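Hi,

Here is the structure I promised to pass on. Please open it first, then read my notes below.

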Amino acid sequence: MVRMIPNGAVELYHNGSKKFETTNTGAVVTGILTTGNLYSDNLYANSTLTINNNASVAVNLTSTSTTGSSRIFFGDPDSALVGRINYAHNGDHMQFYTAYAEKLRIQGNGNVGIGTDAPTDILDVYSTTDPT
């Protein structure tokens, strides 16, 4: 059922329970919101996402595949992919990218690689430049 409120608000009901309503400040969803894509374009007004809870707050990035990955991208108007954090489920490792390239990797066994995607020690640092 859809209910139109005289102040301009809209309410949506399912089986007698209100699931969605608009207000003068935005929209309120009751229950679980499922969407294929969630997008907000407010780049120049310093948009933020705030998640608030009385106790513990969690964000879950869950892949529906054991061979997929969970990712967080960092970008700007020139590139949406210039930086990212990637968790690869098929290799159980986490990758950190800056300037389009992987810079650090944490393997499932705890080995950390800087400048290498195959760390063989607890800390494995590789560079093509002379450190002196």
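This is a predicted model: local features need pLDDT of at least 70, side-chain atom pairs count only at pLDDT 80 or more; totals for chains, interfaces and linings use all residues.

**Strands, hairpins and a surface patch**

T98 stands opposite A101 in β8.

β7 and strand β8 (residues 101-106) are antiparallel, with five bridges pairing them. Together β7 and β8 make a hairpin, with two residues between the strands. A99 sits in that turn and has a positive phi of about 50°.

Now look at the other partner of β7. Strand β6 (residues 79-88) pairs with β7, also in the antiparallel sense, over five bridges. Here N86 stands opposite Q95 in β7. β6 and β7 form a hairpin too, with four residues between them. In its turn, D92 has a positive phi of about 50°.

What about the two faces of β7? In a regular strand, side chains alternate between the two faces of the sheet. Strand β7 spans residues 93-98. H93, Q95 and Y97 make up its covered face. M94, F96 and T98 make up the uncovered one.

R84 lies over the face of Y97, at 3.7 Å from the ring centre. Aromatic pairs are another matter: the structure holds zero of them.

Strand β3 (residues 17-23) and β4 run antiparallel, joined by four bridges. Two residues link β3 to β4 in this hairpin. F20 has V29, in β4, as its bridge partner.

Next, the surface. Which residues form a nonpolar patch there? They are V59, L61, I72 and F74, with about 370 Å² of accessible area together. L61 is in the loop between β4 (26-29) and β5 (69-76).

Finally, the overall picture. The protein chain has ten strands and zero helices. Along the sequence the pattern reads β-β-β-β-β-β-β-β-β-β. The chain has 132 residues, and 13% of them count as buried.

Best wishes

Key
Residues are numbered from 1 along each chain as its sequence is written. Side-chain values use heavy atoms; hydrogens and water are left out. Patches are made of residues with over 30% relative accessible area and no salt bridge: like charges are joined within 9 Å, nonpolar side chains (Val, Leu, Ile, Met, Phe, Trp, Tyr) within 5 Å. Accessible areas come from the Shrake-Rupley method with a 1.4 Å probe; for residues, only the protein chains shown count as cover. A salt bridge is a side-chain nitrogen of Lys or Arg within 4 Å of a carboxyl oxygen of Asp or Glu. Buried means under 20% relative accessible area, exposed over 50%, partly exposed in between (1.4 Å probe, protein chains only). Two strands pair if DSSP finds at least two bridges between them. Rings of Phe, Tyr and Trp (its six-membered ring) pair if their centres lie within 6.5 Å; planes under 30 degrees apart count as stacked, over 60 as edge-to-face and the rest as tilted. A charge sits over a ring if NZ of Lys or CZ of Arg is within 6 Å of the ring centre and within 35 degrees of the ring normal.
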